[in-house]
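Here is a predicted model to explore. Take a look at it first, and then we'll walk through it together.

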There are 2 protein chains.
Amino acid sequence: MGTRIVVVGAGMVGTEMVEILRKRPRFAIEEITILARTERRMVIDDEIYAVEVARPEGFDGAKFAFFAGTEGEAGASKEFAKEAVRRGCIVIDNGSDFRMDPDVPLIIPEVNPKALKGHCGLIASPNCSTIIMLMALAPLHRINPIAKVYVTTLQAVSGSGTDGIRELEAQQRAILQGSLFEREIYPHPIFGNVIPAIGSFVDNEHSSEELKMLYETQKILGRKIPVYATCVRVPIMNGHSMNIVVEFQNKIHDHIFKKMCDTLVRSPGVIVYDEPDKGLYPLPLLATGKDEVFVGRIRQRDLYTLEMFVSGDNILKGAALNAVQIAELLF
Amino acid sequence: MGTRIVVVGAGMVGTEMVEILRKRPRFAIEEITILARTERRMVIDDEIYAVEVARPEGFDGAKFAFFAGTEGEAGASKEFAKEAVRRGCIVIDNGSDFRMDPDVPLIIPEVNPKALKGHCGLIASPNCSTIIMLMALAPLHRINPIAKVYVTTLQAVSGSGTDGIRELEAQQRAILQGSLFEREIYPHPIFGNVIPAIGSFVDNEHSSEELKMLYETQKILGRKIPVYATCVRVPIMNGHSMNIVVEFQNKIHDHIFKKMCDTLVRSPGVIVYDEPDKGLYPLPLLATGKDEVFVGRIRQRDLYTLEMFVSGDNILKGAALNAVQIAELLF
C-alpha cells in the first residue's frame with residue numbers, strides 16, 4: 001500500500017507539487033488529495049482531481065501534507081498546519097508563516113538536511129530567492145565561511161502566483177492592443193518596468209522579501225551573516241535571477257578559487273554555466289522547467305570576494321520541488 | 001544669425017538630439033542638418049528633415065557636430081569626427097570610439113565641466129550607464145571620496161537603438177500570437193528573459209559594457225576607483241536602472257550621512273525619490289521622458305558603505321541630453 005498525500009493549495013505551486021509527486025519515483029503514492037478554499041475540478045497530467053474544501057478531517061490518514069503557501073500573506077497553513085500535525089501528518093509548508101519559528105526546521109535538502117533531526121511534524125521550505133541563492137553559496141561556505149553578502153535579485157512575476165502571471169499578461173495585451181491597462185497586485189505597472197520593491201516595507205529601508213533573504217539565510221547556515229538584499233521584480237513570467245557579491249572569511253588564493261569552483265561543479269542540484277564568450281551564462285529562460293540552479297559569471301573581485309550570477313526556477317527548486325525533496329529526505 | 005548644427009545619425013539618439021536642440025532655448029539655431037549613411041526624409045516635431053548622406057563637406061560652416069554613435073561598434077565618428085574638427089566644428093561624440101583617448105575630454109556637465117578646458121575640438125559623452133551612475137555618485141564623491149563600487153544594472157533594449165526596440169516588440173508579438181520568434185541582435189531571446197551580457201566579452205570575465213563603466217568612471221572622476229559592474233539586459237523598452245553598492249573612504253557618521261543625502265537632494269539633474277512605504281522609489285517607467293536621474297532606496301550598510309537604486313532615461317540624460325548639455329557648456 002502506498003502513501004496518502006494531501007496538497008493544500010490549487011495555484012501554481014500546488015499544481016506543480018502534484019506534478020512532481022506524480023513524476024518522482026520515491027513515493028509509491030496511493031492517493032493525492034488537493035484541498036483549497038473552494039471546491040473545483042482540476043486536470044493534472046490528464047487526471048481529474050476533485051479539489052475539496054480544506055477542513056481538519058481532510059488531513060486524516062495522510063502521511064504528508066504539503067502547503068503550497070502564498071507569498072507574503074498568511075495562508076491556509078496558519079489555519080490548518082498544526083491541526084494536520086495533530087492528526088498525524090508530517091506537514092511541509094512552503095509558506096512563510098512558520099519559517100522563523102525556532103521549533104520548525106527550515107530546510108534545503110542539499111544544504112542543511114541534518115536540521116530535520118528531531119522535527120515535531122512541521123517543516124518549512126524557504127523563500128524562493130533564499131533557496132536559489134543558497135544552492136550556489138552553501139557549497140562555497142563549507143570550504144570558506146561567508147562573511148558578507150550583497151545580492152540584487154531580478155524576480156519573475158510567477159513569484160506572485162497566478163495573479164502575477166495574469167497581471168503581466170493583461171498588461172502586455174493591453175499595450176499591444178492599445179486598450180486599458182489593468183493594475184491590481186503590483187504597486188506600479190510591471191510591463192515595461194522593473195520595481196525595486198517586493199512584498200511590503202516594514203521600516204522604509206527593507207522590504208519583507210529582503211528581510212526573508214537575510215533571516216532565512218542566517219537560520220539555514222546557522223551564522224549571523226549579513227545578507228544585504230535588494231529585491232527587484234522584472235517583467236518576465238518565470239525564473240528568478242540574482243547577482244551576488246560574496247565576501248569570504250579566508251583569502252581566496254588561486255588554488256582555493258579552483259577548489260571552490262570545482263566544488264560548485266560537483267554540487268548536486270547546481271549546474272555551472274560559465275563561458276560568457278560562447279553565450280553560456282545563467283538565464284531565467286534556461287532555468288525554467290529545470291530542477292537545477294544555474295551559476296555563472298563567476299569572477300574574483302579581490303582576495304576575499306567573488307561575484308556570480310545565478311538563475312533558478314522559482315516554482316520548481318524555489319518552491320514545489322524543494323518541498324517534495326524534504327519529504328523524500330524523511331521517507 | 002543663429003548657430004548651424006549638424007547631427008550625424010538618424011536613429012533614436014540622433015532624433016532625440018534634434019528634438020532637444022529644438023526645445024532648449026540656449027541655442028538660437030539657424031539650421032539643423034541631419035547626416036546619415038543613406039538619404040531619407042524624417043519628420044521631427046512636424047518639421048520635415050531631408051537627411052543627407054554624410055560626407056566631409058557636410059560639416060562646413062557648422063559650429064557643432066553631434067555624433068549619435070552606435071553602442072559597441074565603430075560608427076560614423078571614426079570616419080568623420082576628426083574631419084569635422086578640421087573643418088571648424090566642435091564635435092560632441094556620443095559613441096565610444098574616442099572616450100578613452102587621453103586628448104579627448106569625457107564630460108558629464110554636472111560632474112566634470114572643468115575637464116572641457118583646453119579641448120581640441122573633439123569631446124566625448126560617456127556610456128549611458130556610466131552617466132546615470134555618476135549623476136548619483138559624483139555629488140557624494142565630492143563629500144566623501146569613493147573607495148569601491150559594485151553595480152548591477154538592469155538595462156532597457158533602447159540602449160541597443162531602434163534594433164533593440166524592434167527585436168523586443170517582434171518577440172512580444174510573436175509570443176502573444178503564437179508565431180515564429182525572431183532573434184537577431186541579442187544572443188538569446190530577450191522577451192521573457194534577462195541576459196547578463198551586454199556588448200561583447202573581451203576576456204570571458206568582463207563584458208565591454210562593464211569595462212566602459214569601469215574605465216570611463218576612472219577617467220571622469222580622475223581616480224583609479226574599482227568599479228565592479230554586472231550589466232544585465234532586461235525586457236523593457238526604455239530606462240536604465242541599477243543597484244549600486246558604494247564604499248567610501250571616510251566613515252559615514254550620522255551627520256555625514258545626512259549631509260550626503262542633503263547634497264544629493266540639492267544636486268542639479270538628480271531627484272531623490274525615497275519613500276518606499278509610499279511606493280516612491282526610482283522606476284524606469286518613471287524616469288522615461290525625464291531629464292533627471294532618480295535616486296532612491298538609499299540604505300547605509302555599514303560605517304563605510306551605502307547602497308542605492310537609480311533609474312534614468314538612457315536616451316535622454318544617458319545620451320542625447322548629455323551631449324546637448326556639453327554644447328551648452330561651451331556656448
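Let's start with the domains of chain A: domain 1 covers 3–125 + 319–330, and domain 2 covers 130–314. These bounds come from an automatic or database domain assignment. Before going on, a word on names: residues are numbered from 1 along each chain as its sequence is written, while chains are lettered from A and ligands numbered from 1 in the order in which they are written. Since this is a predicted model, local features need pLDDT of at least 70 and side-chain atom pairs count only at pLDDT 80 or more, whereas totals for chains, interfaces and linings use all residues.

How far apart are the centres of the two domains of chain A? Taken over C-alpha atoms, the distance is 24 Å. Where they meet, 16 residues of domain 1 of chain A are in contact with 21 residues of domain 2 of chain A (contact means C-beta atoms, placed from the backbone, within 7 Å). On the domain 1 side, helix H8 (residues 316–330) of chain A gives the largest share, three residues. Helices (H or I, at least four residues) and strands (E, at least two) are DSSP runs, numbered from the N terminus.

Now pick out helix H5 (residues 208–221) of chain A. The buried residues of H5(A) include A:Leu211, A:Met213 and A:Ile220. Buried here means 20 or more other C-beta atoms within 10 Å of a residue's own, with C-beta atoms placed from the backbone. These buried residues pack against helix H3 (128–143), strand E8 (146–155) and strand E9 (227–233) of chain A. Just after H5(A) comes A:Gly222, with a positive phi of about 70°.

Follow the chain to E9(A), where seven of its seven residues are buried. In a regular strand the side chains alternate between the two faces of the sheet. In E9(A), A:Val227, A:Ala229, A:Cys231 and A:Arg233 point one way and A:Tyr228, A:Thr230 and A:Val232 the other. E8(A) and E9(A) run parallel, joined by seven bridges (strands pair if DSSP finds at least two bridges between them). A:Thr153 stands opposite A:Cys231 in E9(A).

Finally, look at where the two chains meet: 41 residues from chain B and 41 residues from chain A take part in the contact. Among the elements that give two or more residues to the chain B side are helix H4 (161–177) and strand E9 (227–233) of chain B.

Notes: A residue is buried if 20 or more other C-beta atoms lie within 10 Å of its own, exposed if 12 or fewer, and partly exposed in between; C-beta atoms are placed from the backbone.
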